[in-house]
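Reader: I would like to learn how to read aromatic contacts in a model. Please take me through a case.

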Amino acid sequence: MLFELSIIRKYLIPRRKQLSVSLIGLMSIFVIALVVWLVLVFLSVTEGIERGWLDKLTSLNAPLRINPTKAYFNSYYYQIDSISWTSNYQEKSIGEKLVALETNPYQPSSDMEIPYNWPQPEKKDLVKEVFAILSKNGDLTCQDYELSGAMMRLQIVKDNTASYLTQASYLASYTENNPYFNGLILPPSIKDINHLFNLASQKISGSCLDEPPSTSLHENYHDRLHTLLSHMTITGLKPTYSHWRIPPELIEDNSSFKADHNQTHILVHDHGTGILKKQKGKLYFQNAETSAPVLLQDPITFKAKLKPAKDLRFLVEAKVQNKLLKGELPFKGLEIASAKIEKPLIFNQEDTGVMLAKSFQDAGVKMGDVGYLAYSAATASSVQEQRVPIYVKGFYDPGIMSVGNKCILVPHEITRTINQSSNSFNFDPTMANGIMVWFKDLKSADKVKADLIKSFEEAGIDKYWKVTTYKEYDFAKDLLQQFQSDKYLFTIVGIIILIVACSNIISLLIIMVNDKKKEIGILQAMGTTKKSIAFIFSSCGLVMGVLGSIIGIIAALLTLHNLDSLVHLLSFIEGHEAFNAAFWGESLPNMLSNHALLFILITTPLISVLAALVPAIKACRINTSSILRSE
């Protein structure tokens with residue numbers, strides 16, 4: 001074996017006398033490395049995007065759902081509430097059934113007679129039995145959900161001018177037990193924070209009315225400010241307008257600035273032709289005392305710290321022309337440049353907070369904007385419009401599901417109220433109410449489903465419930481199938497490209513066999529077997545494939561590590577965003593895929609060995625006597 005390895009080493013090390021063979025060998029390794037780099041980066045990014053989409057899908061909609069079947073809605077258990085006085089003659093949702101004190105609320109003495117065609121009462125509480133089964137598995141987290149619909153109308157306030165956004169929307173109840181929901185919530189932007197501070201002074205209650213924003217100060221203005229400030233730490237402030245007037249008290253004594261004196265003011269900027277100084281508390285321009293207002297031409301951002309006082313004042317400092325401006329400023333005329341959010345921002349406790357999909361931000365909606373949800377409800381004499389006051393509590397990322405951009409997350413009370421009193425939006429009852437189940441390992445979804453179905457069968461409630469995994473969701477099934485098809489397609493394309501890249505090994509080794517005929521003949525004459533000859537040339541192909549793979553893997557790791565910089569460069573060259581954030585996400589995934597790496601480590605050496613078999617077989621068939629006689 002050592003003899004064969006020494007021959008392999010000799011053949012693979014580049015030599016001047018064999019420059020053409022060496023160049024072809026290096027080129028073959030380079031091509032393999034290039035293809036490995038391309039395949040790894042492409043598969044890693046696409047798999048990361050797919051994983052991100054899947055995480056968002058299952059975080060919001062849960063990897064497994066349990067929905068009631070038609071047998072449930074036809075059961076005595078469900079229908080009995082409609083004729084029961086204690087249930088207010090209304091069917092109950094799954095959530096209401098879960099907290100109900102009685103499984104059978106029927107009172108023969110006060111309720112109407114049970115229709116003869118109804119089924120017999122069930123022996124078990126169908127909802128509580130399901131939750132009891134789920135609670136036995138400590139790895140499962142579950143919660144009921146409801147879907148509804150309403151017309152949303154939002155009042156968007158900008159510069160004391162109101163515009164309105166009206167849209168028919170789906171409503172989904174909050175899932176407080178969802179362990180992954182916080183990962184979908186977008187952090188408040190600086191625009192949102194400043195907008196909340198602006199709204200704090202306005203009378204935005206009475207959001208059911210289509211009224212222009214009030215210009216009078218809200219009676220709870222200071223309480224709202226205190227609530228906002230208790231949820232954040234402001235670290236930076238900046239003026240709300242250009243050519244900001246510098247308060248003289250911020251300028252330290254013996255400080256000087258480049259500036260120009262106009263008729264009405266002094267403008268401080270880097271290319272000023274005069275000198276502005278402060279000495280003994282007074283301002284001088286070109287050694288002449290001045291009382292003209294001092295304006296700053298360039299934008300400025302102050303480091304800020306809130307003073308512990310009732311009025312909104314900050315200790316600020318910033319540098320202008322390498323000179324320190326330091327002192328105390330009121331909040332008026334400034335806006336927040338940076339802040340650390342410590343708790344969810346809530347300041348409007350008069351209305352109901354809702355979460356909107358992030359696409360609403362493109363329409364100018366910000367946190368704190370108010371409005372209402374409108375739905376029709378039948379009364380004794382007519383159908384009237386009902387309105388639920390709301391405010392925008394925050395935004396979440398719904399992924400790429402088109403329906404997600406129209407889905408509003410609301411408290412359970414709203415969906416229950418609308419479902420009980422409105423027929424404006426007709427949902428399939430088997431889908432509008434159900435139970436979401438979360439677990440960590442998505443690959444175990446089919447096993448969890450099978451275990452639950454088995455438990456339901458043992459409890460005798462299997463006909464009342466349908467269990468579906470995320471792979472079977474109507475709104476996601478086609479997309480997930482496309483993901484799977486794309487994965488197979490990309491794998492096949494990667495194999496084809498690797499075969500083409502590794503085919504260079506055939507050319508190299510055939511040239512090497514022709515060039516080494518004399519040495520091969522001598523080796524055979526010395527007793528080297530054909531098996532050893534084949535091993536030598538096959539190993540040459542394997543070593544080249546492994547070297548190309550290693551170089552390609554290192555290049556892929558470097559590329560993925562600096563992927564954001566490469567995307568920014570590409571966007572700069574193209575003059576627009578190279579990758580649409582709505583489809584690809586805010587940033588491309590930069591983690592090396594384990595599946596792609598395993599695919600490369602197995603496929604590339606294997607194809608390289610197979611490619612080397614042709615030259616190896618040719619080397620084995622060389623006639624020793626003919627070669628030595630010709631030489």
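Author: This is a predicted model.

Reader: How many aromatic pairs does a search of the whole structure find?

Author: The search finds 10 aromatic pairs. A pair of aromatic rings is described by the distance of the centres and the angle of the planes. For Tyr76 and Trp118, the centres are 6.3 Å apart and the planes are at 85 degrees, an edge-to-face pair.

Reader: Where in the chain do Tyr76 and Trp118 lie?

Author: Tyr76 belongs to helix 4 (residues 76-79), and Trp118 to the loop between helix 5 (94-99) and helix 6 (126-135). The pair links distant parts of the chain, 42 residues apart.

Reader: Why does Tyr76 count as buried?

Author: Buried means under 20% relative accessible area. Tyr76 has 5% relative accessibility, so Tyr76 counts as buried. Trp118 also counts as buried, because its relative accessibility is 14%.

Reader: Why is the pair of Phe314 and Phe331 tilted?

Author: Planes over 60 degrees apart count as edge-to-face, those under 30 as stacked, and the rest as tilted. The planes of Phe314 and Phe331 are at 45 degrees, so the pair is tilted, with ring centres 6.0 Å apart. Phe314 is in strand 13 (residues 313-320), while Phe331 is in the loop between strand 14 (323-330) and strand 15 (334-341), 17 residues apart. Both Phe314 and Phe331 are buried.

Reader: Which ring does the charged end of Arg65 sit over?

Author: The charged end of Arg65 sits over the ring of Tyr145, 4.8 Å from the ring centre. Likewise, the charged end of Arg387 sits over the ring of Tyr372, at 4.2 Å from its centre.

Methods:
Residues numbered from 1 in each chain as written. Predicted model: local features only at pLDDT ≥ 70, side-chain atom pairs only at ≥ 80, totals over all residues. Heavy atoms only, no water. Phe/Tyr/Trp six-rings, centres within 6.5 Å; stacked < 30°, edge-to-face > 60°. Helix = DSSP H or I, 4+ residues; strand = E, 2+ residues; numbered from the N terminus. Buried < 20%, exposed > 50% of the residue type's maximum accessible area, 1.4 Å probe, protein only. Lys NZ or Arg CZ within 6 Å of the ring centre and 35° of its normal.
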